[in-house]
Amino acid sequence: MADARSAILEKIRAVKPAGFGDKATAWQQIPRSFLVGSTLGREEILHLLEDRLLDYDATVERCVPGEIAGVVKALLEKRGKSRMAIPEGMEPAWLPNEGVDFVVDRELPFSELDLVDGVMTGCTVAIADTGSIVVRNTSGQGRRAITLVPDYHLCVVFASAVVKTVPEAMRLLQTWNTAPITFFSGPSATADIEMTRIKGVHGPRFLDVVLVLD
């Protein structure tokens, strides 16, 4: 047994001649030839994000900052949603003044989260290449549970928070690398071995995105 272990370790060391020394230095020395930026214009990047989200069965509505509450109200009326969970720190100007009961998530139990019509949050960054939206456990975005338990998610995304590539997003997120971070691309969906697509297994079945041109 000892000889087999030695043989395995020798093979590992042969592949990793630097050994198990300074991991941070080794990480910095890894060659990175992948795309880290974009030559696309701002409108092209936003259009790419919209295209990806629509392909994932999400809905996207554009507006300017002063129109957010009105667009939110119209989307919720269209969906028939009247009781929405929101994280602490949500911007009051984004919320309609009537027609919707907004429940602030102060560690609501899962049983109560499951009873609301949906959740509304902001986001940290959105990635056009993958159609992904990134939400942190912070003011106006909330803990991971509120973006996973309710069946419907309405997310406010500012154009200034949209990047084209994953590496761009990861560089931005390094500042908050100790906090829980959730990535999602469209409504939750999965497929079984027969390729039957099922929504809502790992999160909301329905996603509306308000894209704010700031």
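## A first stop on a helix

Lys 78 lies in helix H4 (residues 68-79). Helices here are DSSP runs of H or I with at least four residues, strands are runs of E with at least two, and both are numbered from the N terminus. Lys 78 counts as exposed, at 74% relative accessibility. The cut-offs are under 20% relative accessible area for buried, over 50% for exposed, and partly exposed in between, using a 1.4 Å probe and protein chains only. Between the C-alpha atoms of Lys 78 and Ser 6 the distance is 65 Å, and the two are 72 residues apart in sequence.

Before going further, a word on the model. It is a predicted one, where local features need pLDDT of at least 70 and side-chain atom pairs count only at pLDDT 80 or more, while totals for chains, interfaces and linings use all residues. Residues are numbered from 1 along each chain as its sequence is written, and side-chain values use heavy atoms, with hydrogens and water left out.

## Another helix residue

Helix H1 (residues 2-15) is where you will find Leu 9. Leu 9 has a relative accessible area of 26%, so it is partly exposed. From Leu 9 to Gln 28 it is 19 residues in sequence and 24 Å in space, C-alpha to C-alpha.

## The nonpolar cores

In soluble globular proteins, nonpolar side chains tend to be buried together. A nonpolar core is defined here as a set of buried Ala, Val, Leu, Ile, Met, Phe, Trp, Tyr and Cys residues joined through side-chain atoms within 4.5 Å. The largest such core has 20 residues, and the members that touch the most others are Leu 53, Ile 133, Val 157, Val 162, Leu 207 and Val 209. At least two residues of this core come from each of helix H3 (42-55), S6, strand S7 (152-158) and strand S12 (206-212). H3 gives the most, with five residues. Apart from this core lies another, of 19 residues, including Leu 75, Met 90, Met 120 and Tyr 152.

What does Leu 207 touch, not counting residues up to four places away in sequence? With contact meaning heavy atoms within 4.5 Å, its partners include Leu 53, Arg 79, His 153, Phe 184 and Gly 186. Gly 186 itself sits in the loop between S9 and strand S10 (189-191), and at 7% relative accessibility it counts as buried. Leaving out residues up to four places away in sequence, Gly 186 touches Leu 53, Tyr 56, Gly 131 and Leu 207.

## Two buried loop residues

Arg 143 is in the loop between strand S6 (132-136) and helix H6 (144-148). Is Arg 143 buried or exposed? Its relative accessibility is 15%, so it counts as buried. A polar atom of the Arg 143 side chain lies 2.5 Å from the backbone oxygen of Leu 108. Beyond its neighbours within four places in sequence, Arg 143 is in contact with residues including Asp 105, Glu 107, Phe 110 and Asn 137.

Thr 124 belongs to the loop between strand S4 (118-121) and strand S5 (125-127), and it too is buried, at 15% relative accessibility. Its side chain makes a polar contact with the side chain of Arg 136 (2.9 Å). A polar contact is a pair of N or O atoms within 3.5 Å; within protein, one must be able to donate a hydrogen and the other to accept it, and residues adjacent in sequence count only if both atoms are side-chain atoms.

## Positive phi angles

Glu 107 is not a glycine, yet it has a positive phi of about 60 degrees. Glu 107 is placed in the loop between strand S3 (101-105) and helix H5 (110-113), and it is exposed, with a relative accessible area of 61%.

Asp 57 also has a positive phi, near 75 degrees, in a residue other than glycine. Asp 57 lies in the loop between H3 and strand S1 (59-63) and is partly exposed, with a relative accessible area of 40%.
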